[in-house]
Structure formats: C-alpha cells, structure tokens
Amino acid sequence: MADVAREAGVSHQTVSRVLNDHPNVRPDTRARVEAAISRLGYRRNLVARALVTKRSRTLGVVSFDTTLYGPASMMYGIEQAARTAGYFVSIVSLKSLDAANVRDAIDYLAEQGVDGVVVIAPQRSAGRALESLPQGLPAVAVEGSHTTGVPEVCIDQVEGARLATRHLLDLGHETVWHVSGPADWMESEGRIEGWRSVLEEAGRPVPEPLAGDWSPRAGYEAGKSLAAMRGVTAVFAANDQMALGVLRALTEEGVRVPEQISIVGFDDIPESEFFSPPLTTVRQDFDVVGRHSIELLLRQIDGGLSAYERLVVPPSLVVRSSTARVP
C-alpha cells in the first residue's frame, strides 16, 4: 500500500479508502490510485487484513459429494449469495453425511478461521452433528432436522407434496400412488407426510409407498410394478429423476402418459420440461434458500441474531403435459 501511495502521490489512508470503496474520495484521486494499483499489480494481503479485523471474510459450507439436483443446487445458491455479500466460500464435500464426518468437516473449517458455516443437512444423521458445534461458531442448517437449535432455512416439503397430490385429485383421480425417497432424508419424510395428509383429508385410499433412492433406476423398477397393478391412474414421484424412470417403464409396458396414468415429479430439474411428455412437477427456489441462509449466518456473525430462527421457503406447482383428467 505504501508503494501504491507513492506511485499515486497520495497518503496511505487515501489508498485504504479507495480499496474499501469509501465515498469521501474525489473521482480524480480515486482514478489515480486505481491506475497505480493496476500498474504495480497490487493485491491485498487477506491474512494481514484478517488479523486486524478479526474476520477472514470466508464462510464454510459442508455438503456431500452428490450429483443430485436438489443438494447441488442448494450449494450453488449458497455460494452465489455468499459472493454477492462479499465473502469467499470454502466447501467441504463429504462422501457420506454421518454425524462423525460432519463434525470433522465443521472442526476443519473452524480451524481454517472461517467466520461461520452453512451445513446442508438433509439427513437426520447430519443434523445430529449440529448439536455439538465448536463454541461460538455461527452456523446455519439448510434442510435441517428442526431439533438442533441451530437457525435453519428449508423448503416446505410437506406443502410441495400437498400441491402435487391435490392437483391429481382435482383432476378426478380416486387416489395417488407415491414413489418415495430414501429413509433418513427429511425431504422424503416431508413429501410422504404431505401426500398422505391430502389423501386422508379427502377420505381416499392411501396405497403403500414404493420405496426409492432418488435414482431413475429406482423409478424404473417402481414403474414396472405400477404397470402391473390394476386401477393405478396417478403417481407422485418424490423427485424428477425417479419420475423419469417411471415414465420409461410405463412406456415400455405400453401404458400411455397421461392418457392412462398421470405423473407428477418434484424439483423441476432443467430437463423436466423436455421429458416425453413434459413433466408436471414441484419447483423449489434454491436461489432464495441460498440468500436466506447467508442472511441468517451474517446476522449471527454481526451479532444481530439472538434466538433460534427458521425460514421456510414456499414451493410452487408447475403444470405440464404429464397430467390429465382421469380416463
């Protein structure tokens, strides 16, 4: 900074004001300093800055190594919101979200001096790790288990499933079959709860869910079973990938969608509108999830969040051609 000040013919304090975008700098002075910074190739020493401010301007994110659209989109939304707020992001991706792995990841990030952490914790095993955070470390859970006391942001999975199931009943279907996600996932539990509650409130039969694992293969196997059953006219799959598998299986078995069976998915992945037929699905706003999670975390860091807070993001139904009135 002293070199930049000499080059621009200004004081050290003026260079600092320009770097921190202070408004009380004349435009010609700011231009002269910025030109000197460019000529000299000056870069801030972030370590030195952190020692002075007691802030690293870095946030930690704990997620898991996955190609699943939902968790991957959440991580992207969080990273973009952090950068918009002027923070760097350090990401730890885990092979599995068991409590020990999550605790180790949080401890590692704390040792790196992050100002706070966001933990994408869609499984109960991951949520348990949040019960023993390092003392004083600000943290936010995304899709947490609601029992850890850590502020959290989540999408209303129950309401999303209710939207999907109600849509199918409104089309005249007697009941709705469900291809569920795996056990231990909060999304799976919420979507089962929403689906079942609508059927029970309407006094309709509640079929036994067909268990899946989020993959198209699981949807395909469920679709084969559904094609062999009598009286199936509507299916709600817990994510779009499994809905794709159901579509493939029904097509192979000569079952027409939506003429004979209507299908609704969940997530609104980018490919869903190009399925054959285009998929009716539930959309989740991951950008809003990312923004809210960073807002909650920064409020903790700045001392403005004194109690547990939970922000719920509403989903929306996207109606396409995979659903129709009951035949």
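These notebook entries record what I looked up in the structure above.

**Basis**

I worked from a predicted model, in which local features need pLDDT of at least 70, side-chain atom pairs count only at pLDDT 80 or more, and totals for chains, interfaces and linings use all residues. Residues are numbered from 1 along each chain as its sequence is written, and side-chain values use heavy atoms, with hydrogens and water left out.

For element names I followed DSSP runs numbered from the N terminus, helices being H or I of at least four residues and strands E of at least two.

I began with helix packing, where two packed helices are described by the angle between their axes and the distance between the axes. I took axes as lines fitted to C-alpha atoms, for helices over the stretch in contact, with angles from 0 to 180 degrees between N-to-C directions.

At what angle do the axes of α2 and α3 cross? I found roughly 90° for helix α2 (residues 12–19) and α3, with the axes coming within 10 Å. The two helices are therefore roughly perpendicular to each other; the classes are roughly parallel under 35 degrees, roughly antiparallel over 145, roughly perpendicular from 65 to 115, and oblique for the rest.

I listed the residues in contact (heavy atoms within 4.5 Å). On the α2 side they are Thr 14, Val 15, Val 18 and Leu 19, and on the α3 side Thr 29, Arg 30, Val 33, Glu 34 and Ile 37. I sorted these into 5 nonpolar, 2 polar and 2 charged residues. Here Ala, Val, Leu, Ile, Met, Phe, Trp, Tyr, Cys and Pro count as nonpolar, Asp, Glu, Lys and Arg as charged, and the others, Gly among them, as polar.

**Entry: Tyr 42**

I located Tyr 42 in the loop between α3 and α4 (46–53). Leaving aside residues up to four places away in sequence, Tyr 42 touches Met 1, Val 4, Leu 19 and Ile 37. For Val 4, I noted a separation from Tyr 42 of 38 residues in sequence and 7.6 Å in space, C-alpha to C-alpha.

**Entry: helix α5 against helix α12**

I found that the axes of helix α5 (residues 69–84) and α12 come within 7 Å and cross at roughly 50°. That makes α5 oblique to α12. The crossing of α5 and α12 is right-handed; a crossing is right-handed if the near helix is turned clockwise from the far one by less than a right angle, and left-handed if anticlockwise.

From α5, I recorded Tyr 69, Gly 70, Ser 73, Met 74, Gly 77, Ile 78, Ala 81 and Ala 82, which meet Phe 286, Asp 287, Gly 290, Arg 291, Ser 293 and Ile 294 in α12. The contact of α5 with α12 holds 7 nonpolar, 5 polar and 2 charged residues.

**Entry: helix α8 against helix α9**

Helix α8 (residues 157–170) and helix α9 (residues 186–201) have axes that come within 7 Å and cross at roughly 40°. I therefore class α8 and α9 as oblique to each other, and their crossing is right-handed. Among the contact residues are Ala 161, Thr 165 and Leu 169 of α8 and Gly 190, Gly 194 and Trp 195 of α9. I counted 6 nonpolar, 5 polar and 6 charged residues in the contact of α8 with α9.

**Entry: salt bridges**

How many salt bridges does the structure hold? I found 14, each a side-chain nitrogen of Lys or Arg within 4 Å of a carboxyl oxygen of Asp or Glu.

Glu 7 and Arg 39 meet through their side chains at 3.0 Å, N to O. The pair lies 32 residues apart, with Glu 7 in helix α1 (residues 2–8) and Arg 39 in helix α3 (residues 27–40). I read Glu 7 as partly exposed at 40% relative accessibility and Arg 39 as exposed at 52%; buried means under 20% relative accessible area, exposed over 50%, and partly exposed in between (1.4 Å probe, protein chains only).

Lys 224 is bridged to Glu 253, with the closest N and O atoms 2.7 Å apart. Lys 224 sits in helix α10 (residues 216–227), and Glu 253, 29 residues apart from it, in the loop between α11 (240–252) and β9 (262–264). Lys 224 is partly exposed at 26%, as is Glu 253 at 44%.

**Entry: Thr 58**

Is Thr 58 buried or exposed? I found Thr 58 buried, at 19% relative accessibility. Thr 58 belongs to strand β1 (residues 58–64). Not counting residues up to four places away in sequence, Thr 58 touches Tyr 87, Phe 88, Ser 90, Val 114, Asp 115 and Gly 116.
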